[in-house]
Amino acid sequence: MSKFLEVDSLNVYYGGIHALQDVSLYIDEGEIVSVVGANGAGKSTLLRAIAGDKAIKSGTVTFCGERLPHTAYETMAKGISLVPEGRRIFPNLTVKENLIVSTFSRKDPKESIERDFEEVLALFPRLRERLKQRGGTLSGGEQQMLAVGRALMAHPKLLCMDEPSLGLAPIIVDELFEKILQLNRERGQTIMIVEQNAFLALEVANRAYVIKTGSITREGTGAALLNDPSIQQEYLGIQQLAEDE
């Protein structure tokens with residue numbers, strides 16, 4: 001039986017740098033899967049390659065039994081939405097326009113789009129209050145909510161999130177990750193997260209992968225990796241914290 005998403009022996013280059021080296025992983029439908037690693041390990045490159053935003057040298061990405069075409073527009077049409085690192089909303093468009101822009105490729109009835117619009121506003125009530133406000137005037141946390149909402153308006157089968165906690169205050173990060181769990185539990189949304197904050201990423205994940213210098217080095221349940229002493233030392237700083245105390 002084929003996996004919901006399957007990445008097989010993926011190789012990606014940045015110029016002469018071998019950024020991803022024979023990376024293989026899978027995601028089952030309904031899971032939250034996290035990829036953790038240090039800055040520059042290849043996390044974002046992996047996510048961009050899956051979403052069709054980065055050229056692949058060799059290897060395959062198979063989604064719902066079909067090999068993906070590796071172009072961003074076609075990949076989104078197949079059901080994969082990316083929340084990019086740094087949010088990258090349209091600053092001169094209003095919140096409502098930012099949300100609606102992701103629906104242009106949808107072929108389903110207008111009623112379905114309107115229902116998704118209301119669900120996004122129910123998930124992020126602050127966006128409802130700012131529908132006529134330009135995206136560039138929102139706070140960092142509100143822009144991240146808008147970026148997630150925009151991705152959800154494409155009605156994705158798989159939601160990919162690139163460093164969702166980056167640059168946000170801790171209280172906003174906690175709120176955002178609660179929303180991620182809510183999406184998964186209440187809507188059954190399949191989610192892939194790449195995140196430098198290993199504690200957060202492992203805490204919400206059903207399963208997780210550790211990537212180091214372009215290669216997958218560990219995999220397991222989020223709970224197992226969170227409680228692994230070597231992971232705690234390298235990515236969570238727990239041993240160093242204990243020594244400092």
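Which residues of helix 4 are buried? The views below come from a predicted model.

**View 1. Helix 4 and its buried residues.** Helix 4 runs over residues 110-123. Its buried residues are Ser 112, Ile 113, Asp 116, Phe 117, Val 120, Leu 121 and Leu 123. They pack against helix 3 (95-100), helix 5 (125-129), helix 6 (140-152) and helix 7 (170-187). At 1.5 Å a residue, the 14 residues of helix 4 should span 20 Å. The end C-alpha atoms are 20 Å apart, in agreement with that value.

**View 2. The largest nonpolar core.** This core has 35 residues. Leu 99, Leu 127, Leu 159, Met 161, Ile 191 and Ile 193 have the most contacts inside it. Elements giving two or more residues include helix 3, helix 4, strand 7 (158-162) and strand 8 (190-195). Helix 7 gives the most, with 7 residues. Domain 1 (1-79 + 160-169 + 180-236) and domain 2 (80-155) both contribute, so the core lies between them.

**View 3. Surroundings of Met 161.** Leaving aside residues up to four places away in sequence, Met 161 touches Leu 47, Val 83, Val 148, Ile 180, Ile 191, Met 192, Ile 193 and Val 194.

**View 4. The whole protein, for context.** The secondary structure comes to 11 helices and 10 strands. The radius of gyration is 18 Å, close to the 18 Å that the globule rule gives for 245 residues, so the protein is as compact as a globular protein of that length. Of the 245 residues, 50% count as buried.

Key. Residues numbered from 1 in each chain as written. Predicted model: local features only at pLDDT ≥ 70, side-chain atom pairs only at ≥ 80, totals over all residues. Heavy atoms only, no water. Helix = DSSP H or I, 4+ residues; strand = E, 2+ residues; numbered from the N terminus. Expected span 1.5 Å × (residues − 1). Buried < 20%, exposed > 50% of the residue type's maximum accessible area, 1.4 Å probe, protein only. Contact = heavy atoms within 4.5 Å. Core = buried A, V, L, I, M, F, W, Y, C linked by side-chain atoms within 4.5 Å. Domains from an automatic or database assignment. Rg over C-alpha atoms; globule rule 2.2 N^0.38 Å.
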